[in-house]
Amino acid sequence: MPIIRKPAIPLTERSHPWVELKYFTYHPQVYSRMLGHASDDARAGSLVSVYDKDGQRFGAGFFNPSAHVPLRMLHHGQEVVDEAFLEKLLDRACDLREKLPGLGDPAVTDAYRVIASDADSLSGLAVDRYNDTLSVEIHSLGVHQRIAKWLPRLHARLGTKKAKVHVDPSIARIERINAPAVTGDAPPAVKIREHGIRYEVDFTTGHKTGFFCDQRENRRKVGEWVKRLGPQTRVADMCCYTGGFSLAAKILGGAEDVTGVDLDEKAIDQAKRNMNLNNTRINWVHTDAFTWARQMMANKTQFDVIVLDPPKLVFDREDVEGRIKYRDLNGLAIQLAKPGALLVTCSCSGLVSENEFTEIVIAAAHHRGRKLQFLESTGAGPDHPVMSNCPESRYLKLLWARVL
């Protein structure tokens, strides 16, 4: 049976402003090579109607012709989308978080992700809640132009009071956002709770939105593992940042000997403050994880539990150097593991799939004459969902294995 195509919608009948696609894509981020014509009134930051190459309505998104990602899709479908629809997307994201167990429960946490960019159909916007404060990370001019209007709605939904809005300077240049790097009425730092552990989130020195809520359930699991292994368990938290896994091993797990290592001096200072908030003691080492691991090997020091959570190391699909760093760092961690030790190794590089990461870790182990007994793999919590048309947003991957 022949395919019957609908006639193209005439230019005079299209919803303004509009852009047209050259090729079909369902991905939320559309690059210049995939874009065709745009109406004369399609300005930077405009909410535009999107038409496919056959002239049919395809959806709507934010347009910014000078940006690295000139079209960010917010909706796919035949409906005409307006500014009120975008507020419904904010509500939909809040609705999900209200349904997720534990979020906002004082016994669990008052820190979680409220909006996860493409995963909530709000490309270019990440919002974390920290107690009564929202931390907002913006990657899109369209979002930046509307955030002042959206914040009161989010506060009303969530019961929050203050906000910190951050635009990375490099993103500001790419998106042509003429704004200070940080705005809002948030204090320099706020205190949060997670599974009974207290943390200080410092907005002046913290990475991204200030704290990594995505590791919440994995921190708890590390604490549970250590508790089963007993107080004599020796724990190494490599690339510890502000000490989340270290504190979980110490407070939830009861380990007597916990060492956290990080090259970022400000992160180590924050880790010490977090330690003091919880009236406990942890060994903090301000140095490069590679250097520290080699020194431990020279000292013939080994550990019962090793957590390896480096920052993003792979920045594009052809980044060989970043993949080598993953292999070498995992190799060093594996050499510090006692026979039967637990290794929890993480990757937050979205362009490295779980299969590829697993192969890298296996190669690191086998090259050093060790085998791994994989127990499970985990990722971010459900407040960091993944949309089916953007699978690479499942950036966080953890492998849990015994080192034999």
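Let's start with helix α4 (residues 216-229), which lies across β14 (234-238), β17 (303-308), β18 (337-347), β19 and β20. Its direction runs at about 15° to β20. Keep in mind that this is a predicted model. Below, we'll go through a seven-stranded sheet and then a six-stranded one.

**The seven-stranded sheet**

- Reading across this open sheet, you get the order β16-β15-β14-β17-β18-β20-β19, and the pairing is mixed.
- At the edges sit β16 (283-286) and β19 (372-378), each pairing on one side only.
- On average, neighbouring strands here are turned by 15° against each other, ignoring direction.
- β19 and β20 (residues 397-403) run antiparallel and are joined by six bridges.
- If you'd like to find one spot in that pairing, look for serine 377, whose bridge partner in β20 is leucine 399.
- Helix α6 (residues 265-277) also packs on this sheet, touching β15 (257-262) and β16. The direction of α6 makes about 170° with that of β16.

**The six-stranded sheet**

- This one is open and mixed in its pairing, with the order β2-β6-β5-β4-β1-β3.
- β2 (29-30) and β3 (35-38) each have a single partner strand, so one side of each has no neighbour in the sheet.
- Strands β5 (residues 57-63) and β6 (residues 71-76) run antiparallel, with five bridges between them.
- Glycine 61 stands opposite methionine 73 in β6.

- Helix α1 (residues 83-99) touches β4 (46-51), β5 and β6, and its direction makes about 80° with that of β6.
- Helix α2 (residues 141-158) touches β4 and β5, making about 80° with the direction of β5.

Technical notes:
Residues numbered from 1 in each chain as written. Predicted model: local features only at pLDDT ≥ 70, side-chain atom pairs only at ≥ 80, totals over all residues. Heavy atoms only, no water. Pairing = 2+ DSSP bridges. Helix = DSSP H or I, 4+ residues; strand = E, 2+ residues; numbered from the N terminus. Axes fitted to C-alpha atoms, helices over the stretch in contact; angles between N-to-C directions. Contact = heavy atoms within 4.5 Å.
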